[in-house]
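Welcome! Please open your viewer and get ready to select a few things as we go.

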Amino acid sequence: MRYRKLGRTGFEVSEVGFGAWGIGGRYWGGADDALSLRALRRAFDLGVNFVDTALAYGDGHSERLVGRAIREFGGPIRVATKIPPKAGGWPPAPGTPVRVAFPADYIVSSTEQSLKNLGLDCLELQQLHTWRDEWLVEGEWQEAVSRLKAQRKVRAFGLSVIDHRPDTALRAVASGLIDTVQVIFNIFDQSPRDELLPLCRAHGVGLIARVPFDEGSLTGALRPDTRFPSGDFRSRYFRGERLGETCRRVVQLAFLVRDEIKSLAQASLKFCLSHAEVSTVIPGMRRPEHVDENCAASDGIPLRPEELAALRAHAWPRNFYE
């Protein structure tokens with residue numbers, strides 16, 4: 001496993017982190033806790049030292065599993081979690097005041113609940129689970145962050161960007177008020193390259209790349225006739241003609257799999273890691289064998305310049321979350 005700086009925090013984090021949404025047990029057709037714990041332990045054994053979870057993932061279930069795995073492992077793991085909006089929708093509608101979406105006392109109490117779930121005294125990174133730049137001028141959330149840092153409950157603070165909308169956090173990145181930003185970045189959604197990545201580089205903001213597999217399609221494992229388990233949100237994400245069109249586009253990426261790159265999943269992670277601004281990429285991993293495959297992407301073998309150039313033609317702007 002190779003490591004990178006998480007922006008100006010100075011934290012050394014594994015290039016491949018552990019995205020812990022799926023192990024929360026909701027939206028992915030359920031999860032096997034024993035298998036999830038084995039996947040976490042395997043990741044730690046392979047050098048993964050960064051886990052991204054959230055209070056909303058299974059109403060804290062993901063956090064509790066992560067905390068248990070860390071205690072059983074016994075080694076230093078950097079944990080990031082996220083605070084869901086209290087009100088105003090998800091994402092909160094334009095014009096929603098930050099005092100409605102993220103009141104100061106709510107930020108503090110949510111952080112304390114996450115610490116309890118995780119069994120930790122301090123979070124390496126706390127994040128707002130969604131963000132609008134119009135909140136930048138409102139001081140209430142900043143006061144809460146200052147309080148948490150002063151109480152040594154949080155070491156760094158960041159934002160998770162609205163799905164496919166990196167433009168909604170550009171002012172925050174440039175403000176100097178946040179340490180990290182988390183954004184969808186993958187072969188299909190390359191939009192962060194335009195403005196967000198250069199801004200992160202200029203201002204020393206760590207960038208966490210999420211959804212590197214486009215909710216599974218960029219692993220190459222889906223087929224036009226794939227049927228998802230009951231309760232799996234992907235049955236909506238890939239509804240109608242979406243799955244067939246996605247699979248047709250994925251087939252066109254077969255050129256990325258070659259001797260040094262064993263799978264499309266590894267190539268998809270390497271796409272993210274080919275950008276120096278990316279501190280870590282956080283694929284979801286619910287099975288130990290997926291951990292093995294994903295961690296192998298951190299081998300120092302990059303995509304070739306001609307491959308990265310060719311991938312520009314495969315950018316596909318769309319929002320299947322809507």
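This is a predicted model: local features need pLDDT of at least 70, side-chain atom pairs count only at pLDDT 80 or more; totals for chains, interfaces and linings use all residues.

Residues are numbered from 1 along each chain as its sequence is written, and side-chain values use heavy atoms, leaving out hydrogens and water.

**Stop 1: the whole protein.** Switch to a cartoon view: there are 12 helices and 10 strands (DSSP runs, H or I of at least four residues for helices and E of at least two for strands, numbered from the N terminus). Now show the C-alpha atoms, which fill a box of roughly 50 × 40 × 40 Å along the principal axes.

**Stop 2: inside.** Of the 322 residues, 57% are buried (under 20% relative accessible area, with a 1.4 Å probe and protein chains only). Among contacts with a separation of 6 or more, 77% join residues 24 or more positions apart; a contact means heavy atoms within 4.5 Å.

**Stop 3: the cysteines.** How many disulfides does the structure hold? It holds zero, where a disulfide is a pair of cysteine sulfur atoms within 2.5 Å.

Select Cys200: its sulfur is 14 Å from the closest cysteine sulfur, in Cys272, so a bond is out of reach. Cys200 has 2% relative accessibility and therefore counts as buried.

Next, select Cys295. Its closest cysteine sulfur also belongs to Cys272, 15 Å away, which is too far for a bond. With 8% relative accessibility, Cys295 counts as buried.

Technical notes
Buried means under 20% relative accessible area, exposed over 50%, partly exposed in between (1.4 Å probe, protein chains only).
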